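Subject: Structure for your review

Hello,

Here is the structure for you to look over. Please open it first, then read my notes below.

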Amino acid sequence: MKTTLTVIKADVGSIGGHIMPSKRLLTRVTEVVDSAGKAVFQDRYISFTGDDIAILMTHTLGTGHERVHKLAWDAFVAGTEVAKEEGLYGAGQDLLKDSFSGNVHGLGPACAEMEIEERPNEPFLFFAADKTDPGAYNLPLFLTFADIMTTPGLILSPKLSQGFRWVVMDVNYTDGDRIIELVTPEEIYDLAALLRDNERFVVESIWSRSSGEQCAAVATSRLHNIAGKYTGKDDPVALVRTQMDFPATGEVLAPYSIGHHVAGGMRGSHNMPLMPVALNTSTSYFDGPPLVSCAAFCVHKGKLTEPVDTFAHPFWDEVRSQVSRKAIDMRRQGFNGAAMLPMGELEYTGVMDKLRKLEARFRLRGAEELLPAGILYE
Ligand code: F6R
Ligand code: MG
Ligand code: MG
């Protein structure tokens, strides 16, 4: 029988701004999930990263299953009630629709899942990021699955040498799922041309070409595409299977030592470096820096081992120091240039309002008339 790994996450309220959920909120979410028990899932793991709560479940119902998604939705709805009672900031923020329909896609919570034929031993990694969007995983995944400097397995293992099939989504397209499939190593430059643009093209899944099996799944939801306006950063989750036919755990973790700049941080409107952090870490400096946590598991007949907190290892202390320096360095240039996100990604309307007002005052030197309105920004 196949096992499905499903992780669904949402921000339904946090203490002290967008920092972390309260204990009561976490307890309530856990109670609702556990009340369904074995009727829905085989095992579960509930954690938080910054202000987001993630519910990881193993089950046999397949991907996108209504009962699994409804359970997570109900848990977040119940959690929202507690968040309101406690007066938490942003209570129910990621629940963008009033009622549940079918599955959580398009309702606000982020979801990554895959149905797998368990190997005799099945190691996998569960990533959760806060204060950023799904494209934050583009570079680390590219380096792990397509770059031999990061993943020596690509030349050492005959199976990895056959490469991978990538499904990439154009998340700006809102009338449906606009996807493209590419294979590496043959189309590595084409893939890079897409993945450079984190805000538009996002890795949705990766598949082994030697076995045909899925090895990675990333939540691709963009909240502002659902709500029609900016409602906060998407804070994506991801699942990556490791070892044997897939990259080793260390090859998947290695790219997070870069602390690459991603969209996120203060008011969801800045570029800041992604910091690998321990499980259940809150958010801090400049409403960031964007953070990513990673729990390593083995799953056997649907049963999860205890998680290993991969980024709690002392190695990552040095990385965190470097990322802190990088974050402070970027912050020195404030609102200017690369420090702040481009127009289309800004969370607030203030800049656009100002530009619209200023438009009317632009004129062509030497000409009497003012330039027609709308020439600079629609
Ligand atoms: C992401 C996150 C941010 C906020 C954004 C809005 O987890 O918390 O994207 O949604 O900073 O902040 P407020 O609510 O202060 O406008
Ligand atoms: Mg938030
Ligand atoms: Mg968040």
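**The metal sites**

Along the chain, the donors of the magnesium ion (ligand 3) follow the spacing D-D-x77-D-x104-D. Donors here are N, O and S atoms within 2.8 Å of the metal (3.2 Å for Na, K and Ca); water is not among the atoms, so sites may look incomplete.

A word on the source. This is a predicted model, in which local features need pLDDT of at least 70 and side-chain atom pairs count only at pLDDT 80 or more, while totals for chains, interfaces and linings use all residues. Residues are numbered from 1 along each chain as its sequence is written, chains are lettered from A and ligands numbered from 1 in the order in which they are written, and side-chain values use heavy atoms, with hydrogens and water left out.

Back to ligand 3. Its magnesium ion is coordinated by D51 (OD), D52 (OD), D130 (OD) and D235 (OD), at 2.0 to 2.3 Å. D52 lies in strand β3 and D235 in the loop between α7 (223–227) and β10 (237–241), so this pair ties together parts that are 183 residues apart in sequence. Helices (H or I, at least four residues) and strands (E, at least two) are DSSP runs, numbered from the N terminus. Both D52 and D235 are buried. Buried means under 20% relative accessible area, exposed over 50%, and partly exposed in between (1.4 Å probe, protein chains only).

Which residues hold the magnesium ion (ligand 2)? Its protein donors are D11 (OD) and D51 (OD), lying 2.2 to 2.4 Å from the ion. The pair links distant parts of the chain, 40 residues apart. D11 sits in the loop between β1 (3–10) and α1 (23–36), and D51 in the loop between β2 (43–49) and β3 (52–59). D51 also bridges the two magnesium ions, ligand 2 and ligand 3, which lie 3.2 Å apart. D11 counts as buried because its relative accessibility is 1%. D51 has a relative accessible area of 2%, so it is buried too.

**Two other residues**

D133 lies in the loop between β5 (122–130) and α3 (138–146). Its relative accessibility is 1%, so D133 counts as buried. Leaving aside neighbours within four places in sequence, D133 is in contact (heavy atoms within 4.5 Å) with E199, R222, K233, D234, P236, A263 and E345.

M330 is found in helix α9 (residues 315–331). Its relative accessible area is 12%, so M330 is buried. M330 and N271 are 59 residues apart in sequence, yet 8.0 Å apart in space, C-alpha to C-alpha.

**The whole chain**

The protein chain has 10 helices and 16 strands. Of its 378 residues, 54% count as buried. Its radius of gyration is 21 Å, which agrees with the value near 21 Å for a compact globule of 378 residues. That radius is taken over C-alpha atoms, and the globule rule is 2.2 Å times the number of residues to the power 0.38. The C-alpha trace spans about 80 × 55 × 40 Å along its principal axes. Among contacts between residues at least 6 apart in sequence, 68% join residues at least 24 apart.

Best wishes
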